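Reader: I have a sequence and a model on my screen. Please take me through the side chains in short questions and answers.

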Amino acid sequence: MTLLRFARKQPVWVLAALAGFLLIRSCFAHTAVDPAATDILRRWVIAEVESYHLARTDLDLAGKGALLRDAATIRFAAVNARGTADDMVFRIEIDEHPALPPAMPRVRYVQMRYRMLLGWETAPRQSSALSYFLALFLL
């Protein structure tokens, strides 16, 4: 009789343990963003904007110069990170700015790695929203 009761309660315990594991995992998967990583990401976005404006042929040199000067003031509304230092996925929300290209998305997902001896990678890789959300479970 007690074996039958245990067999009925076992799925409840398994589900409770799984829910607890996912809750703890989601608490630790949101990582505080290192200011050095934010600086690298900001310089990367600024470099993309500058290369867009340098390639434009519809502007004169004074217009390009003004946009390039303005591009240096691009800021982020929010930067969030998930994952481990070995493979961190960042979600970047870029503030509205007049120098941004019209087709550039305001929310970007990128991946970077951190190495103890070398620090953060200097060339972030494009990522997706799916990999950002799956980073909760891949720690």
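Author: Contact means heavy atoms within 4.5 Å. This is a predicted model, in which local features need pLDDT of at least 70 and side-chain atom pairs count only at pLDDT 80 or more, while totals for chains, interfaces and linings use all residues. Residues are numbered from 1 along each chain as its sequence is written, and side-chain values use heavy atoms, with hydrogens and water left out.

Reader: Is His53 buried or exposed?

Author: His53 is part of helix α2, residues 35-55; helices (H or I, at least four residues) and strands (E, at least two) are DSSP runs, numbered from the N terminus. Neighbours within four places in sequence aside, His53 is in contact with Lys64, Leu67, Leu68 and Ala99. Buried means under 20% relative accessible area, exposed over 50%, and partly exposed in between (1.4 Å probe, protein chains only). Because its relative accessibility is 2%, His53 counts as buried.

Reader: What span does α2 reach from its first C-alpha to its last?

Author: The expected span of a helix is 1.5 Å times one less than its number of residues. With 21 residues, α2 is expected to span 30 Å, and the model comes close to this, reaching 30 Å.

Reader: Which residues are in contact with Leu41, leaving aside its neighbours within four places in sequence?

Author: Leu41 is among the buried residues of α2. The cover over those buried residues includes α3, β2, β3, β4, β6 and β7. For Leu41, the contacts are Phe76, Val79, Phe90, Ile92, Val110, Met112 and Pro124.

Reader: How far apart are the closest N and O atoms of Arg43 and Asp39?

Author: A salt bridge is a side-chain nitrogen of Lys or Arg within 4 Å of a carboxyl oxygen of Asp or Glu, and the structure holds seven salt bridges. Arg43 and Asp39 both lie in helix α2, four residues apart, about one turn of the helix. Arg43 counts as partly exposed because its relative accessibility is 49%. In the salt bridge between Arg43 and Asp39, the closest N and O atoms are 3.6 Å apart.

Reader: Which residues do salt bridges that share partners join into one network?

Author: Arg125 forms a salt bridge with Asp87, with the closest N and O atoms 3.3 Å apart. That pair links distant parts of the chain, 38 residues apart: Arg125 is in strand β7 (residues 125-126) and Asp87 in strand β3 (residues 87-94). Through shared partners, salt bridges make one network of Asp87, Glu121 and Arg125.

Reader: Is Met116 buried or exposed?

Author: Met116 is in the loop between β5 (114-115) and β6 (119-120). At 76% relative accessibility, Met116 counts as exposed.
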